[in-house]
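Welcome! Have a look at the sequence and the structure first, then try each task before reading on.

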Amino acid sequence: MTQPSLGESVVQKTIAAQNNGVAANITQTQPLWLLAEVTYRCPLHCAFCYNPTDYDKHTQNELTTEQWIQALRDARKLGALQLGISGGEPLLRDDIEEIVAEAHKLGYYSNLITSGVGLTEKRIQAFKEGGLDHIQLSMHDITEEINNFITNTKTFELKKKVAAMIKGHGYPMVLNVVIHRYNIGHMKEILEMADALGAEYIELANTQYYGWSLVNRSQLMPTREQIDEAERITNEFREKSGSKMKIFFVVPDYYSDRPKKCMNGWGEVFMIVTANGDVLPCHSARVLPNMQFPNVKDTDLGWSWKESPAFNKYRGDAWMKEPCRTCPEKEKDLAGCRCQSFLLTGDAEAADPVCAMSPHHHLIEQAIIDAQNPVIAAQPIVFRNDKNSKKIIAGELNDRTEQFHALP
Amino acid sequence: MDQTINHSDVFALALHHRFQWEEAQNSYVILFPEGMVKLHGGAGEVLKRVNGIASVGDIVTELKAAFPDAENIEKDIIGMFELAFSKAWLRKV
């Protein structure tokens with residue numbers, strides 16, 4: 001170490017929770033975050049799920065335990081530190097205990113991202129012994145009615161039981177609540193519930209529109225007034241409740257006039273390995289046209305991260321078009337989300353239409369208007385389940401997907 | 001909560017936080033749910049001595065001995081404790 005630097009500019013890099021937990025500076029040359037989407041099978045059928053609507057193609061070709069362990073080793077060598085084990089519902093696999101134990105040996109800080117369905121005393125005991133660092137539990141509402149409606153399952157009582165189990169085993173309680181039209185009016189009660197459960201962290205994740213949530217956008221999107229009120233209540237809770245709980249309020253991009261710096265930059269800090277082994281820079285990258293993503297079954301992760309055309313495609317800003325190319329704010333948001341641009345405009349290199357300077361911004365304004373149109377909003381929710389996924393693959397729900405430039 | 005750092009204070013890493021050396025980053029890091037912090041060399045030198053036993057004063061003495069040429073080292077060390085405590089990476093024991 002250089003002595004004069006002792007104590008100086010102490011923190012080089014702070015990574016906080018946003019964009020699904022990812023944020024950092026650009027110029028990072030290593031993946032810091034590995035998300036293992038170990039299965040797309042799921043006992044819940046949430047209307048806002050960001051998984052691909054055609055996930056049914058990937059429920060029969062999941063990676064084996066050995067392939068996952070190899071992927072963890074290879075990513076760790078590249079520098080990955082934070083591991084998210086997600087899905088679908090990861091607990092539907094019976095080898096999570098082995099994966100967790102290997103992650104611990106390798107020095108990951110590991111996080112099981114779960115609905116809680118399938119978590120038993122026996123399994124949580126094995127996770128604790130294996131060195132799992134924390135468990136992120138999804139909660140949906142304070143009311144049984146909304147929980148069961150939006151997940152299309154009867155899981156309300158179970159979630160409360162699982163929350164107590166997590167706490168009982170000395171884990172930090174990290175709750176994730178996806179916010180949408182059906183629960184946004186219960187913000188204060190949701191925060192009070194989380195506090196009463198002893199949560200250390202709560203992420204209030206306003207729905208972002210990808211996968212199933214894009215198909216259900218008009219049914220889920222709250223109004224601007226509801227969002228503002230939710231944020232006000234959250235701030236008031238922070239100031240007045242005296243709770244030590246850390247609250248992350250993820251602002252919905254449709255209601256801001258600049259796009260999010262999606263994944264903190266393409267191929268900057270975040271790497272996903274999907275159930276079938278595809279290696280992606282973001283959750284929904286497979287919607288992009290003319291892209292060949294590497295797969296751990298046939299290519300080395302180091303090559304995928306450093307050399308693959310897919311990971312290099314949108315690194316930096318050389319690929320940008322106007323108005324982004326000459327925009328003074330381009331480094332702040334890197335032109336937003338490539339998937340959102342493509343899904344909504346048909347051009348992956350266009351400015352994210354969320355941006356008020358985008359020539360396609362009217363598409364966002366229209367989506368907000370549509371969500372308040374009682375006729376459109378009254379269309380039934382397409383719940384995330386195998387039957388609907390098969391229907392979408394077969395083109396049977398075209399009326400709900402044809403307005404987008406790829407299958408969400 | 002009183003955030004003043006005294007020489008007699010003893011700190012430990014906050015619950016659910018992990019401090020480790022990262023070869024790929026060539027630095028120490030603190031890991032916790034939903035995030036991480038990458039530390040400069042100097043900050044890492046302070047935090048690696050935090051063990052729930054050594055007092056702030058002990059750590060100052062040790063670092064002064066280890067880095068005799070560093071000027072104002074004590075002020076920097078206390079600054080580091082203030083930051084780490086205010087960010088809740090450390091807890092008082």
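**Exercise 1. An arginine and its partners**

With which side chain does the side chain of B:Arg18 make a polar contact? Then place B:Arg18 in its chain and describe its surroundings.

*Solution.* Please keep in mind that this is a predicted model.

Step 1. Start with the side chain: B:Arg18 makes a polar contact with the side chain of B:Gln20, at 3.1 Å.

Step 2. Look for a backbone partner as well. The side chain of B:Arg18 reaches the backbone oxygen of A:Tyr108 at 3.0 Å.

Step 3. Find the element. B:Arg18 belongs to strand β2 of chain B, residues 18-22.

Step 4. Collect the contacts, leaving out residues up to four places away in sequence. From chain A, B:Arg18 touches A:His104, A:Gly107, A:Tyr108, A:Tyr109 and A:Asp133. From chain B, the contacts are B:Leu13, B:Val29, B:Ile30 and B:Leu31.

Step 5. Decide how accessible the residue is. The relative accessible area of B:Arg18 is 17%, so B:Arg18 is buried, as the cut-off for buried is under 20%.

**Exercise 2. A cavity**

Which residues lie nearest the centre of the second largest cavity? Describe its lining by class.

*Solution.* 

Step 1. Count the cavities of 30 Å³ or more: there are three.

Step 2. Turn to the second largest cavity, which holds about 140 Å³ of space.

Step 3. Its lining has 15 residues, and nearest the centre are A:Cys262, A:Gly265, A:Trp266, A:Gly336 and A:Arg338.

Step 4. Sort the lining: nine residues are nonpolar, three are polar and three are charged.

**Exercise 3. The buried side of a helix**

Which residues of helix α14 of chain A are buried, and what covers them?

*Solution.* 

Step 1. Within residues 361-371, the buried ones are A:His361, A:Ile364, A:Ala367, A:Ile368, A:Asp370 and A:Ala371.

Step 2. Their cover includes three helices of chain A: α8 (217-220), α13 (338-345) and α15 (374-377).

**Exercise 4. Backbone angles in loops**

*Solution.* 

Step 1. The peptide bond from A:Gly87 to A:Gly88 is cis, with omega near 15°. A:Gly88 sits in the loop between β3 and α2 of chain A.

Step 2. A cis peptide bond also runs from A:Glu322 to A:Pro323, with omega near 5°. A:Pro323 lies in the loop between α11 and α12 of chain A.

Step 3. Phi of A:Asn290 is near 55°, a positive value in a residue other than glycine. A:Asn290 is exposed, at 78% relative accessible area.

Step 4. For B:Asn26, phi is near 55°. This residue is in the loop between β2 and β3 of chain B, and B:Asn26 counts as exposed at 56% relative accessibility.

Methods:
Residues numbered from 1 in each chain as written. Chains lettered and ligands numbered in written order. Predicted model: local features only at pLDDT ≥ 70, side-chain atom pairs only at ≥ 80, totals over all residues. Heavy atoms only, no water. Buried < 20%, exposed > 50% of the residue type's maximum accessible area, 1.4 Å probe, protein only. Helix = DSSP H or I, 4+ residues; strand = E, 2+ residues; numbered from the N terminus. Contact = heavy atoms within 4.5 Å. Polar contact = N/O pair within 3.5 Å; in protein donor to acceptor, adjacent residues only side chain to side chain. 1 Å grid on protein atoms, 1.4 Å probe; cavity = no way out; pocket = protein on both sides within 12 Å on 5 of 7 lines; lining within 4 Å. Points joined across faces, edges and corners; volume = space filled by probe spheres on them. Nonpolar A, V, L, I, M, F, W, Y, C, P; charged D, E, K, R; others polar.
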